[in-house]
Amino acid sequence: MNDYFKVNEKIDVSEGGTSKPLSDLQLKLCDIQGRLFELSAEKGYGSAAFARIFMTSDTAKALDSSYNRMQWAGEEYLMEEITEKNAGYSVKNSLTGGEIYPKEVLYWMGYLYRFWHIYTGESSARIYRQAPAATMNRNYLLFHTMDPALAVEDLKKVGRK
């Protein structure tokens, strides 16, 4: 697992002025999504295309729900769902080519996108509209060492500009 985030680390999530730690399941979901994004590099998928396809997919929408069987799936199964079954057509051809971001950027991106959903309740598709892959890649060096909640708030500001 990436050094930037530890699965057993409890991160406070602000909800309506109160803080509560992420549950073990929420932390695990962040980690799995980070590993999923890393796996996209191993498969040779263009990072921007993969992030767009995943974040707007039925798979991401299922992970956004309060409970869905997809939340118990590992990154290999999720990758299969995205590449083989996304919206009833194969997306593998649209994933080949394009720049492949470094694995640490991809892990952070995947982790933070899932954290963002947990933190704000926004859908994956809405999050992606605010911070597409190019924005995440460009801001990685500035934001990857920040508390995830602060990174989300700063990325929301970047997205409004």
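Q: How many of the 18 residues of helix 6 are buried?
A: The general idea is to count residue by residue along the element. In this predicted model, 15 of the 18 residues of helix 6 are buried, and the helix is mostly covered.

Q: What span should the 18 residues of helix 6 have, and which distance is it compared with?
A: Helix 6 takes in residues 103-120, and at 1.5 Å a residue it should span 26 Å. Its end C-alpha atoms are 25 Å apart, which agrees.

Q: Which residue takes a positive phi just after helix 6?
A: Gly121 does, with a phi of about 80°.

Q: Where is Gly110, and is it buried or exposed?
A: Gly110 belongs to helix 6. Its relative accessible area is 0%, so it is buried, the cut-off being under 20%.

Q: Which residues is Gly110 in contact with, once its neighbours within four places in sequence are left aside?
A: Gln33, Gly34 and Phe37. For Gly110 and Phe37, the separation in sequence is 73 residues, while their C-alpha atoms are 5.5 Å apart in space.

Q: How is a pair of aromatic rings described, and how many such pairs are found in the whole structure?
A: The description uses the distance of the centres and the angle of the planes. Here, a search of the whole structure gives eight aromatic pairs. One of them joins Phe37 and Phe50, whose ring centres are 5.2 Å apart with 85° between the planes, an edge-to-face arrangement.

Q: Which parts of the chain does the pair of Phe37 and Phe50 tie together?
A: Phe37 lies in helix 1 (residues 24-42) and Phe50 in helix 2 (residues 47-55), so the pair ties together parts 13 residues apart in sequence. Both residues are buried.

Q: Why do the rings of Phe50 and Phe54 count as stacked?
A: The angle of the planes decides this, with stacked meaning under 30 degrees. The planes of Phe50 and Phe54 are at 10° and the ring centres 6.2 Å apart, so this pair is stacked. Phe50 and Phe54 are four residues apart in helix 2, and are therefore separated by about one helical turn. The relative accessible area is 1% for Phe50, which is buried. Phe54 is also buried, at 0%.

Q: Which residues form one aromatic cluster with Phe37, Phe50 and Phe54?
A: Tyr113 and Tyr128 complete that cluster.

Q: Where is Ser47, and is it buried or exposed?
A: Ser47 is in helix 2. At 1% relative accessibility, Ser47 counts as buried.

Q: Which backbone nitrogen lies 2.8 Å from a polar atom of the Ser47 side chain?
A: That of Tyr101. Setting aside neighbours within four places in sequence, the residues in contact with Ser47 are Glu99, Ile100, Tyr101, Leu106 and Ala133.

Q: What is the relative accessibility of Arg35, and where does Arg35 lie?
A: Arg35 lies in helix 1. Its relative accessibility is 26%, so Arg35 counts as partly exposed.

Q: What do the totals for the chain give for buried residues, accessible surface and contacts?
A: Of the 161 residues in the chain, 50% are buried. The accessible surface is about 7900 Å², and carbon and sulfur atoms account for 50% of that area. Among contacts with a separation of 6 or more, 68% are between residues 24 or more positions apart.

Terms used:
Residues are numbered from 1 along each chain as its sequence is written. This is a predicted model: local features need pLDDT of at least 70, side-chain atom pairs count only at pLDDT 80 or more; totals for chains, interfaces and linings use all residues. Side-chain values use heavy atoms; hydrogens and water are left out. Buried means under 20% relative accessible area, exposed over 50%, partly exposed in between (1.4 Å probe, protein chains only). Contact means heavy atoms within 4.5 Å. Accessible areas come from the Shrake-Rupley method with a 1.4 Å probe; for residues, only the protein chains shown count as cover. Rings of Phe, Tyr and Trp (its six-membered ring) pair if their centres lie within 6.5 Å; planes under 30 degrees apart count as stacked, over 60 as edge-to-face and the rest as tilted. Helices (H or I, at least four residues) and strands (E, at least two) are DSSP runs, numbered from the N terminus. A polar contact is a pair of N or O atoms within 3.5 Å; within protein, one must be able to donate a hydrogen and the other to accept it, and residues adjacent in sequence count only if both atoms are side-chain atoms. The expected span of a helix is 1.5 Å times one less than its number of residues.
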